[in-house]
Amino acid sequence: MKIPEVSLVPGSAVAPGSAIEIVALGHQQLDLTSADLPERLSEINADVIINCAAYNAVDAAEQDMATAMALNAEAPERLAIWCRQQGAWLIHISSDYVFGNVFGKDLGNALGNVSGNAAANMLGNAPRALTESDVCEPLSLYGQSKLAGEQRLLKANPGALVLRTSWLYSRFGSNFVLTMRRLLTERPELKVVADQVGTPTWAEALARLIWQLLIWFHLKPEKSAVLSGCFHYAATGQCSWYLFTKEIAEQIAKQQCNSAPSSQAAVPLQTASPSQATLHSQAALQSQAALQSQATLHSPANPAPITPRCRITPVSTAEYGALLNRAQAPRPAYSALDSSALKDAMAAMPSAFRCYLPKDYPSPIWLSWQAQLALMLSGLGAPSLD
C-alpha cells in the first residue's frame, strides 16, 4: 500500500512513494491461542498490529465461554503485551455488545417496532447515541468476553487503540446485508427483528479509517498516542434490523427500476404492520438458521431480482426467538454508537493525512448508514488505496 505523496509533510523521514507492507493472516496462518504466539509475532515483526480476529458466534458463546474468552479476552491481552514490549502499535476491533440496556430494555421496542416516517421521527428522538463514557453492562457471554478483552488489553498496554464498532457488513463473506439480499430473491415474506436499534456500518469505511491511522502512524509514530484508549466508530444515524432490511430492499428495488426496461420494472415491496405478523413454517425456520453459512449472491453491480411483493414483517426479539425454536443470547435493545470523540481526535491531524481520496469520490467514513449502504449495494467500491 503506497503512501500518497500529498500526505508527506516537510521534514518527514518517509520518501515519496514509499509503501506500507500489509501482512494479512487468517487463523490457519496465525493461531492467537497458541503457546508460541510471541515467537510467531516476533518472526513477523510488525510495526502495527490490527486485531480483527474474534469469536463472534453470539449464541454459541453461551455454551462455549472458554473458547470465546480465549479469543476475545486472552488473545488481545497477549497481543497487547507483545506490542508494548516491542514498541508496536496495537489497534483492536471491539463491539457494541459490550453495552447492556443503558436506557432501559423497552427502548428498542419503542423506537424500532414501527414503520415509515413515524419510525424515522421516533429514532430521531432517541435519548442519544452511546459514548465511550457510558457504563458497559454486557447482557451476553459474548459481550462479556469482548469487554474483558478491552479491559485486559488496555491494562497491559495503555497506548493501544480499541475501536468499538457495530453491525458490520460488506460485499464479502457472510453478513446481514448479503443474507437479506439473497432472501429477498427467494422468499415471499421475511420476518425481521424490530426492537433492537443500532447503527449499520460498512466494513470498507472502517478499513479506510484504519488506513488513515496507518498513514498517520507511519509518518508521525510519536503522535500515535493521540489515539490511544477506547473510541467508537460507526456510521451516523440509527435504525432497527427491520428498518435496515426495508432500506436494503428499497435501495435494491430502486436500482432495478433505474436499470431495467419499464416493462420489467421491479414490483414495489410490501411492509406488514406489527399486528399482521405470523410465524414462519418450520422448514423456513431451518433455512433461516443456516443463512450465515449459505450467503452466495450475484455481484453488487448486478443483483438478482427481488421476489415480487416480498413482504417484510416486523417481529419482536421474543417472537423471533420462537421462530428459531432455540435459545438466543440476549442482545442490547439500543446500541447506536456516537463517533464524535474519534472524529474530533482525527480532526487534529493535518488535512493532508485525511485527503488522499480522489476529489470526486465521497469518503464513506463519516457518511450516514443509508449512504454507506448505497455505496456498497451500487458496487461503487472505493478507488484503490495505492
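**Figure 1. Contact between helices α6 and α13 in the predicted model.** From α6, the residues Val177, Leu178 and Arg181 take part; on the α13 side they meet Leu373, Met376 and Leu377. By class, this contact comprises five nonpolar residues, one charged residue and no polar ones.

**Figure 2. Crossing geometry of α6 and α13.** Helix α6 spans residues 176–186 and helix α13 spans residues 369–378; their axes come within 12 Å and cross at roughly 60 degrees. This angle makes α6 oblique to α13. The crossing in which α6 passes α13 is right-handed.

Figure 3. Leaving aside residues up to four places away in sequence, Leu206 touches Ile93, Leu163, Thr165, Leu168 and Tyr233.

**Figure 4. Leu206 and Ala235.** The C-alpha atoms of Leu206 and Ala235 are 9.1 Å apart in space, while 29 residues separate the two in sequence.

Figure 5. Among contacts with a separation of 6 or more, 86% are between residues 24 or more positions apart. The accessible surface amounts to about 17500 Å², and carbon and sulfur atoms contribute 53% of this area.

How values were computed
Residues numbered from 1 in each chain as written. Predicted model: local features only at pLDDT ≥ 70, side-chain atom pairs only at ≥ 80, totals over all residues. Heavy atoms only, no water. Axes fitted to C-alpha atoms, helices over the stretch in contact; angles between N-to-C directions. Helix = DSSP H or I, 4+ residues; strand = E, 2+ residues; numbered from the N terminus. Parallel < 35°, antiparallel > 145°, perpendicular 65-115°, else oblique. Left-handed = near helix turned anticlockwise from the far one by under 90°. Contact = heavy atoms within 4.5 Å. Nonpolar A, V, L, I, M, F, W, Y, C, P; charged D, E, K, R; others polar. Areas by Shrake-Rupley, 256 points an atom, 1.4 Å probe, with all protein chains shown as cover.
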